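Hello,

Here is the structure I promised to pass on. My notes follow below it.

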Amino acid sequence: MISGVRFTQRLRTVLAASRDEAHRLRHEYIGTEHLLLGLLRADDGISAAVLQSLDVEPERIRQKLEETIVPGRRVAIGPDLPYTSRGKRVLELTIEEAERSSATGADVEHLFIALCVEDKGIAAQMLAWAGITTEVVRAQVAQIESRIPQLTPEKQFASLRALLVGRAISDRQLVGNSLSLWVDKMPGDGDRGWTIWLEPAWNVVGPERVLAGSMQAQDEEDESGWTAVAAAVDVLIGRTIERLHVDAVTGDLLVALTNGLVVRTFASDPRETLHWRIRDHASGVSVVGSPRGMRVDDSNAT
């Protein structure tokens, strides 16, 4: 994240691929050429659609780059490599492009445009060789975006619900009055699975009674209360999601699990702007809910 603008998960994946390309080429830095190689590895999203609409084969640009770039003599040490001055400038321009288009986060198409704008870099030279300029990319991005149907929060929630129902809770995290339920995801898994996050007011309800709630979880110094709520929350692990529902009036989220267990939020304050979030880690998209309604968030917030 730079200047308060978040990178989408798609962009973060491309930046990681760019770092891998620099390592592969035994370079001790990440330049515009590596950023372009990382972008060319993305086989979905608007940037890939732009290349397809221009009838440009990514492999053709890659081959030209490979002919131009001189590999280093030794393997770069360490996972983190510094960006060159032009590489840093491209990231700054990526942020500027995202702000220019009023996007909720900087994405791969903004990086694509930025690589063209920084016209002294190797990437811009390769793109110009393929007939790709700043004006061409901006025009194609605008045209493709105009054809993409914008999912409403309700439709995005329905899409996530279809993916989650039938899957089991794989782990949980309890911090103060915040409860996270991980689905098809474990610590260290990275960009996979889903997280259902609840805060500040929630309950775990059994067939006959309330088993635990956020009010008990708030005070970690109360060892007996904390132990009880942690034990109740542990019961959720391994349970399959049978139903996801959002109350149309209160905005509360209800997660119904096997064996009659239910986890639900309740609005402790109608002015709240956030009290649950369902995040798809693969796409980087979240649906956020509160008494004020639902919204879609495609930043990399957790």
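Pro 200 sits in the loop between β3 (194-198) and β4 (202-205). Strands here are DSSP runs (E, at least two residues) and helices are DSSP runs (H or I, at least four), numbered from the N terminus. The peptide bond from Glu 199 to Pro 200 is cis, and its omega is near 5 degrees.

A word on the source: this is a predicted model, where local features need pLDDT of at least 70, side-chain atom pairs count only at pLDDT 80 or more, and totals for chains, interfaces and linings use all residues. Residues are numbered from 1 along each chain as its sequence is written, and side-chain values use heavy atoms, with hydrogens and water left out.

Two other loop residues deserve a look. Arg 26 is not a glycine, yet has a positive phi of about 60 degrees. Arg 26 lies in the loop between α1 and α2. Its relative accessible area is 33%, so Arg 26 is partly exposed. (Buried means under 20% relative accessible area, exposed over 50%, partly exposed in between, with a 1.4 Å probe and protein chains only.) Asn 259 also has a positive phi, near 65 degrees, and is a residue other than glycine. Asn 259 is in the loop between β7 (253-257) and β8 (262-265). Asn 259 counts as exposed, at 55% relative accessibility.

**Helices α1 and α2**

The axes of α1 (residues 9-24) and α2 (residues 32-40) come within 7 Å and cross at roughly 120 degrees. Axes are lines fitted to C-alpha atoms, for helices over the stretch in contact, and angles run from 0 to 180 degrees between N-to-C directions. The two helices are therefore oblique to each other (under 35 degrees is roughly parallel, over 145 roughly antiparallel, 65 to 115 roughly perpendicular, the rest oblique).

The contact (heavy atoms within 4.5 Å) includes Val 14, Leu 15 and Ala 17 of α1, and His 34, Leu 35 and Leu 37 of α2.

How many of the residues of α2 are buried? Nine of the nine, so α2 is largely enclosed by the rest of the structure. Among them are Thr 32, Glu 33 and Leu 40. The cover includes α1, α3 (45-53), α4 (58-68), α5 (85-100), α6 (108-117) and α7 (122-129).

**The whole chain**

The chain has 11 helices and 11 strands. Buried residues make up 47% of its 302 residues. Of contacts between residues at least 6 apart in sequence, 58% join residues at least 24 apart.

Best wishes
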